[in-house]
Amino acid sequence: HGDTYTTNMLSNIPSNYEYSSRTSNYTGTATDNVTVTYYYKLKKGTLTVNHLEEGTNKVLSPQEVSTLNYTSNYQTSPSTNALKTHEVSKTPNNATGTIGGNVTVTYYYKKKASQLTVKYLEDQTNKELAPSKTTTVYYGDTYTTSTSTSVPNNYELLRKTSNYTGVVSTNTIEVIYYYQKKDSSLNTSITKEGPKEITKKDEATEYRITYTATVTDYIGNGTITIIDTL
């Protein structure tokens with residue numbers, strides 16, 4: 001009775017605990033039996049999850065931050081928003097674990113690939129007029145297509161599907177250019193040298209006909225017939 005006392009917190013508390021509070025009688029003058037209580041709590045750690053594009057470190061989804069007690073198990077997952085245009089290129093080793101301090105988990109993503117196919121067809125028949133072209137494009141990228149120089153010259157573009165240009169958002173893209181045959185034309189010239197009439201039934205007659213013809217927008221075989229009368 002009457003002695004002055006003071007107390008101290010433990011110096012060897014487990015590493016995952018920290019001091020929280022103590023009763024107000026941690027120091028004072030003893031008047032009877034005295035109980036002093038020190039309270040400790042689990043430390044807290046910050047769990048930070050990042051979602052970045054591989055190579056550029058572009059942020060694909062907002063950073064996720066949460067606070068957890070030490071010894072708490074945690075589990076993270078890829079961002080559904082990032083997975084709309086990308087796929088995980090590498091799952092972090094610490095995607096799951098136990099909190100023992102501040103933890104940073106970083107998911108890296110690469111753009112998803114898509115197959116872009118362009119076809120060149122005859123309207124109505126869907127006959128292939130030029131070899132189709134297939135290229136690899138990536139989600140989120142803008143693409144554009146063009147006509148083919150391999151289409152026969154006697155065809156002209158009629159129409160094309162509305163997705164001939166756009167932004168990649170599906171696994172496969174098919175663009176079709178439709179063509180129709182041009183109207184062919186024939187330009188001719190004819191001259192004739194020789195007599196205009198035969199006056200004697202048995203007389204030999206000789207004359208020369210010169211004929212030229214220019215055909216445009218036609219590929220194939222054709223026959224030109226010249227009819228001449230005296």
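This is a predicted model: local features need pLDDT of at least 70, side-chain atom pairs count only at pLDDT 80 or more; totals for chains, interfaces and linings use all residues.
Contact here means heavy atoms within 4.5 Å.

**Stop 1: Asn16**

Select Asn16, which is placed in the loop between strand E1 (4-6) and E2. With neighbours within four places in sequence left aside, Asn16 is in contact with Lys41, Leu42, Lys43, Tyr70 and Thr71. Is Asn16 buried or exposed? Its relative accessibility is 18%, and buried means under 20%, so Asn16 counts as buried.

**Stop 2: the four-stranded sheet**

Next, display strands E5, E6, E8 and E10. The four strands form an open sheet in the order E6-E5-E10-E8, with mixed pairing. Strand E6 (59-69) and strand E8 (86-90) are the edge strands, each pairing on one side only. On average, neighbouring strands of this sheet are turned by 25° against each other, direction ignored.

The sheet can be followed from the E6 edge to the E8 edge:

- Strand E5 (residues 44-53) pairs with E6 in the antiparallel sense, over eight bridges. Select Lys44 to find Asn69 of E6 opposite. The hairpin of E5 and E6 has five residues between the strands, and Gly55 in this hairpin takes a positive phi near 90°.
- E5 pairs with E10 in the parallel sense, over seven bridges. Here His51 stands opposite Tyr107 in E10.
- E8 pairs with strand E10 (residues 103-111) in the antiparallel sense, over four bridges. Select His86 to find Lys111 of E10 opposite; then select Val88, whose bridge partner in E10 is Tyr109.

**Stop 3: aromatic pairs**

A pair of aromatic rings is described by the distance of the centres and the angle of the planes. How many aromatic pairs does a search of the whole structure find? The search finds four.

Select Tyr19 and Tyr40 together. Their rings form an edge-to-face pair, 6.3 Å centre to centre with 80° between the planes. Tyr19 belongs to strand E2 (residues 17-22) and Tyr40 to strand E4 (residues 38-42), so the pair ties together parts that are 21 residues apart in sequence. Tyr19 is partly exposed, with a relative accessible area of 30%; Tyr40 is also partly exposed, at 24% relative accessibility. A further pair is formed by Tyr107 and Tyr109: this one is tilted, at 6.5 Å centre to centre and 35° between the planes. Tyr107 is buried, with a relative accessible area of 2%, and Tyr109 is buried with a value of 0%.

**Stop 4: charges over rings**

The charged end of Lys112 sits over the ring of Tyr139, at 4.6 Å from the ring centre. The charged end of Lys160 sits over the ring of Tyr164, at 4.0 Å from the ring centre.

**Stop 5: the nonpolar cores**

Which members of the largest nonpolar core touch the most other members? Of its 15 residues, these are Leu116, Tyr120, Val151, Val175 and Tyr179. Strand E11 (113-122), strand E12 (128-138) and strand E16 (172-181) are the elements that give two or more residues to this core. E16 supplies the largest share, four residues.

Centre the view on Tyr179. Apart from neighbours within four places in sequence, Tyr179 is in contact with a set of residues that includes Tyr120, Leu121, Leu129, Val151, Tyr155 and Leu158. Among the other contacts of Tyr179 are Glu122, Asp123, Thr147, Ser148 and Glu156.

Then move to a second, separate core of 12 residues, among them Leu47, Tyr74, Val103 and Val105.

**Stop 6: Thr142**

Finally, select Thr142, placed in strand E13 (residues 142-144). Thr142 has a relative accessibility of 66% and counts as exposed. Thr142 and Val167 are 25 residues apart along the chain, and their C-alpha atoms are separated by 4.3 Å.

Methods
Residues are numbered from 1 along each chain as its sequence is written. Side-chain values use heavy atoms; hydrogens and water are left out. Two strands pair if DSSP finds at least two bridges between them. Axes are lines fitted to C-alpha atoms, for helices over the stretch in contact, and angles run from 0 to 180 degrees between N-to-C directions. Rings of Phe, Tyr and Trp (its six-membered ring) pair if their centres lie within 6.5 Å; planes under 30 degrees apart count as stacked, over 60 as edge-to-face and the rest as tilted. Buried means under 20% relative accessible area, exposed over 50%, partly exposed in between (1.4 Å probe, protein chains only). A charge sits over a ring if NZ of Lys or CZ of Arg is within 6 Å of the ring centre and within 35 degrees of the ring normal. A nonpolar core is a set of buried Ala, Val, Leu, Ile, Met, Phe, Trp, Tyr and Cys residues joined through side-chain atoms within 4.5 Å.
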